[in-house]
Amino acid sequence: MRIEKCYFCSGPVYPGHGMMFVRNDCKIFRFCKSKCHKNFKKKRNPRKTRWTKAFRKAAGKELTVDNSLEFEQRRNIPVKYNRILWNKTVEAMKKVESIKQKRQARFIMNRLKKGKELEKAEAINEVKKNIHLIKAPHAGKMVQKNLTKCCFTQ
Amino acid sequence: MALYNFKKIMVVPTAKDFIDLTLSKTQRKTPTVIHKHYQIHRIRHFYMRKVKFTQQNYHDRLTQILTDFPKLDDIHPFYADLMNVLYDKDHYKLALGQINIAKNLIDNVAKDYVRLMKYGDSLYRCKQLKRAALGRMCTILKRQKQSLEYLEQVRQHLSRLPTIDPNTRTLLLCGYPNVGKSSFINKVTRADVEVQPYAFTTKSLFVGHMDYKYLRWQVVDTPGILDHPLEERNTIEMQAITALAHLRAAVLYVMDASEQCGHTLSQQLELFNNIRPLFANKPLIVVANKCDVKMINELSEENQACDRLLAHRVDTKMKGKKVHDVLNRLHLAMPTKRDNKERPPFIPEGAVIHRKAMEIDAPKRKLERDLEIELGDDYTLDLQKYWDLMNAEEKSDKIPEIWEGHNIADYIDPDIMKRLSQLEKEEELREKAGEYDSDEESEDEEMQEIRKLASQIREKRKLKILESKEKDVHGSRLPRTAKKVDRATLEKEMEDLGLDMTDKNESHYAQQAQRSRSLVRKRKREASAPPTSRTRSQSASRPPRDQSGIRDAKMMKKAKTMMKNSQKGMNRQGKKGESDRHVHDLKPKHLLAGKRKSGSTSRR
């Protein structure tokens, strides 16, 4: 029993879900849902389709190179079952997962920091230019009442 | 040895048929439609294809003929000689040679014309070239008429030749005509050769098969041989001679003891002596036939002939050169002893035990099936118990496979703990370096104030935009100054902007408003001074059109209402005015008529 990865969106394909397509050159494509399958049939490139993980990683929107990501890796040489090892692995997995999530979150936060700066600058700009919409320039100041000096015209 | 089966030769068509066949095939199998306006390379290709196709067909057919017909040098000399006797070797070779030449000529013609066609610049020229090419090829073939006819006859005759295997056990019957050879073969085999009282009933070789000592024997019946020298022999006799010369068989020289064939015994003996050289190296039996007339038992001779032939064959095989070749190649190699150590054959223990168990028929180990029967319904196939693990007690563990969307198998690594500790160290360092500290709210109060104001500004703008969108003015509108500004709204707006608007009766805008109101009142009709000149006074005194003929405000209102009422209809129809009589084309036919053909059909 394995949770596979969808070829298109890189999401998890649980057993009993999704579709598998085997091409004539024996390459296997698994899809988690018909959306991914249909996109594939339309020959769309997952690296250019914005909502896929492949795009996000390729466009630098998500953490790609990191030590914590090296732990989960499909291995070709099976290791014989050993209770201690399995127990240790499960514990290690949990720890690695937490660290991974922290790091991924940090990466995204860093990326979005620049936006905050821009936001600040924009707010300042907005206030400078358009303050007249909510506050008159001389609001709150005492105005001398001018004696009427106007001449009546008819 | 391959059976000489000449029945598989393809039919050789006559020249006329051949030409018709190929031309009609070209007509049918190549594209036929071509127009003048096609591109020149397409036209050229079209005609070239026809020429090449015709050439290909001729070539294939002729090659097939050439390969099907046996080459006299390649077949057994018996058949070569037989064919020479029957069809004349020279004529045969010549015919095939002519066919070969024709084939080459056709190839050359095609090549030349294809080359020429590359320079054809119009449909007409290419077509003429193609006609010329095809015509020449057909003429070449027409000249081969004789050869083809001859070959067809050869083929027909060849296919009817009896299949005599020159290398198997054969008995050859020969002798004068009418001595009883055919009767003998009829008796001995299932062959059905014509037996008649006249000489030369049998005109060619016949084969029959019989069984003796669990082996198949061929019995070959020949036409009779007369006693004259070789050069004077005719075709029929030559066949018999050929058979005698080339078949390694036991020869049964049949003599007519009763002289019913029309030749005396002495004559028959003469013949026998004449053809004696042909019997060299072959076991020979002289058969005295028709002994019912003259009493000599001849059936036993047959057995003797067969036995003798068998022995003869074995002898010749042993004595032949070929055997020595084979013997030279056979060599039994025995390895020489390296030292005196005993090296008996090694039998693994398991094999020995297995053998013993087989002998004793001891009970084998307990099978799964036995277990199944024992446990009945409780039985579960547990393959985990056969696993080869380091600790045996872990065999029955339930192994976890998945955790929170991750495969555990992907994380299994003997040195995972080491890597994990490294990772944790790294993480600690990072934390110490302050990477994970959340950013302080570096926003001071000023910044927060600014943000609040900015959000208020944005809200206000959006509201204003919405307001302006809600106004029902499309197209041209009045300038801002044409509208009257209401005092109350003005004061309210300024209040919202933070100004103090109390007690503003003496302000400029209020005073101005009072003044302008007085001017708006209608002018009363007053008696004015008589005008100086007529025209100017008329224009001055003439009232504007929408006030002329109207007594008071009430009438004006009514007039206005009537006007608006009359305009309602026109407005609803979207007309510009009374004079707008334009008929709109709201359903243009060129857009709405017709079938929904290919293309997007989501709208008209």
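Modeller: Let's begin with the elements: helices (H or I, at least four residues) and strands (E, at least two) are DSSP runs, numbered from the N terminus. This is a predicted model, where local features need pLDDT of at least 70, side-chain atom pairs count only at pLDDT 80 or more, and totals for chains, interfaces and linings use all residues. Side-chain values use heavy atoms, with hydrogens and water left out, while residues are numbered from 1 along each chain as written and chains are lettered from A, ligands numbered from 1, in the order written.

Colleague: Thanks! What places Glu152(B) and Arg155(B) about one helical turn apart?

Modeller: Both belong to helix H6 (residues 145-159) of chain B, and they are 3 residues apart, so about one turn separates them.

Colleague: And why is the pair Glu152(B) and Arg155(B) called a salt bridge?

Modeller: The term asks for a side-chain nitrogen of Lys or Arg within 4 Å of a carboxyl oxygen of Asp or Glu. For Glu152(B) and Arg155(B) the closest N and O atoms are 3.2 Å apart, so the pair qualifies. Both Glu152(B) and Arg155(B) are buried (under 20% relative accessible area; exposed is over 50%, partly exposed in between, using a 1.4 Å probe and protein chains only).

Colleague: How do you know whether Arg115(B) is buried, exposed or partly exposed?

Modeller: Its relative accessible area is 45%, so Arg115(B) is partly exposed. Asp112(B), at 39%, is therefore partly exposed too. These two side chains form a salt bridge, 3.8 Å from N to O, and they sit 3 residues apart in helix H4 (residues 89-117) of chain B.

Colleague: What about Glu372(B): what class does its accessibility give?

Modeller: Glu372(B) has 33% relative accessibility, so it counts as partly exposed. Its salt-bridge partner is Arg369(B), 3.4 Å away from N to O, and the two lie 3 residues apart in helix H14 (residues 368-375) of chain B. Elsewhere, salt bridges with shared partners tie Asp66(A), Lys102(A), Arg103(A), Glu426(B), Glu427(B), Arg430(B) and Glu431(B) into one network.

Colleague: How many salt bridges does the rule find over all chains?

Modeller: The count over all chains is 34, and between chain B and chain A it is 12. One that involves both chains is Arg103(A) with Glu426(B), whose closest N and O atoms are 3.5 Å apart.

Colleague: Which elements of chain B give two or more residues to the side that touches chain A?

Modeller: They are strands E6 (402-403) and E7 (406-407), and helices H15 (416-433) and H16 (445-470). H16(B) gives the largest share of that side, 11 residues. By class, the side of chain B that touches chain A has 23 nonpolar, 6 polar and 26 charged residues. Here Ala, Val, Leu, Ile, Met, Phe, Trp, Tyr, Cys and Pro count as nonpolar, Asp, Glu, Lys and Arg as charged, and the others, Gly among them, as polar.

Colleague: How many residues of each chain are in contact?

Modeller: With contact meaning heavy atoms within 4.5 Å, 55 residues of chain B meet 57 of chain A.

Colleague: What joins the side chains of Asp397(B) and Tyr81(A)?

Modeller: A polar contact of 2.7 Å. The term covers a pair of N or O atoms within 3.5 Å; within protein, one must be able to donate a hydrogen and the other to accept it, and residues adjacent in sequence count only if both atoms are side-chain atoms.

Colleague: Last one: what class does Val33(B) fall into by accessibility?

Modeller: Val33(B) is at 53% relative accessibility, over the 50% limit, so it counts as exposed. Val33(B) lies in the loop between helix H1 (15-29) and helix H2 (40-68) of chain B. Leaving out residues up to four places away in sequence, Val33(B) touches Tyr38(B) and Phe46(B).
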